[in-house]
Amino acid sequence: MNRKIEYTPAPCVCSRKIDITIQNGKIENVQFTGGCAGNTLGIAALVKGMSPQEAIDKLSGIDCKGKGTSCPDQLAKALKEAM
């Protein structure tokens, strides 16, 4: 089963949109619009092949500069909402 998720992150983070593709229960692709390119490309590469729950467990609660959230945390929130 192939599932596509489009998520709008909190306004306090740099990314403006996160597109996620989940195939057969694994993260197939993540694409951030906006944000720090190197960081968001790195996050996307690292979570590829993970189950959504594994990514949620690793990324939830990561903070960026005292904002209370971050692009990785917003990815975890998007996955939580989708589950």
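Student: What span does helix H3 reach from its first C-alpha to its last, and what is expected at 1.5 Å a residue?

Tutor: Helix H3, residues 71-82, reaches 17 Å, which is close to the expected 16 Å for its twelve residues; the expected span is 1.5 Å times one less than the number of residues, and helices are DSSP runs of H or I with at least four residues, while strands are E runs of at least two. This is a predicted model, in which local features need pLDDT of at least 70, side-chain atom pairs count only at pLDDT 80 or more, and totals for chains, interfaces and linings use all residues. Residues are numbered from 1 along each chain as its sequence is written, and side-chain values use heavy atoms, leaving out hydrogens and water.

Student: Why is H3 called largely enclosed by the rest of the structure?

Tutor: Buried means under 20% relative accessible area, exposed over 50%, and partly exposed in between, with a 1.4 Å probe and protein chains only; nine of the twelve residues of H3 are buried, so H3 is largely enclosed. Among them are Cys71, Leu75 and Leu79, and the buried residues of H3 pack against strands E1, E2 and E3 and helices H1 and H2.

Student: Which residues have the most contacts inside the largest nonpolar core?

Tutor: They are Ile20, Val30, Val47, Leu75 and Leu79, in a core of 22 residues, and H3 gives the largest share, six residues. A nonpolar core is a set of buried Ala, Val, Leu, Ile, Met, Phe, Trp, Tyr and Cys residues joined through side-chain atoms within 4.5 Å.

Student: What does Ser70 do at H3?

Tutor: Ser70 caps the N-terminal end of H3, with a side-chain oxygen 3.1 Å from the backbone nitrogen of Asp73.

Key
Contact means heavy atoms within 4.5 Å. A polar contact is a pair of N or O atoms within 3.5 Å; within protein, one must be able to donate a hydrogen and the other to accept it, and residues adjacent in sequence count only if both atoms are side-chain atoms.
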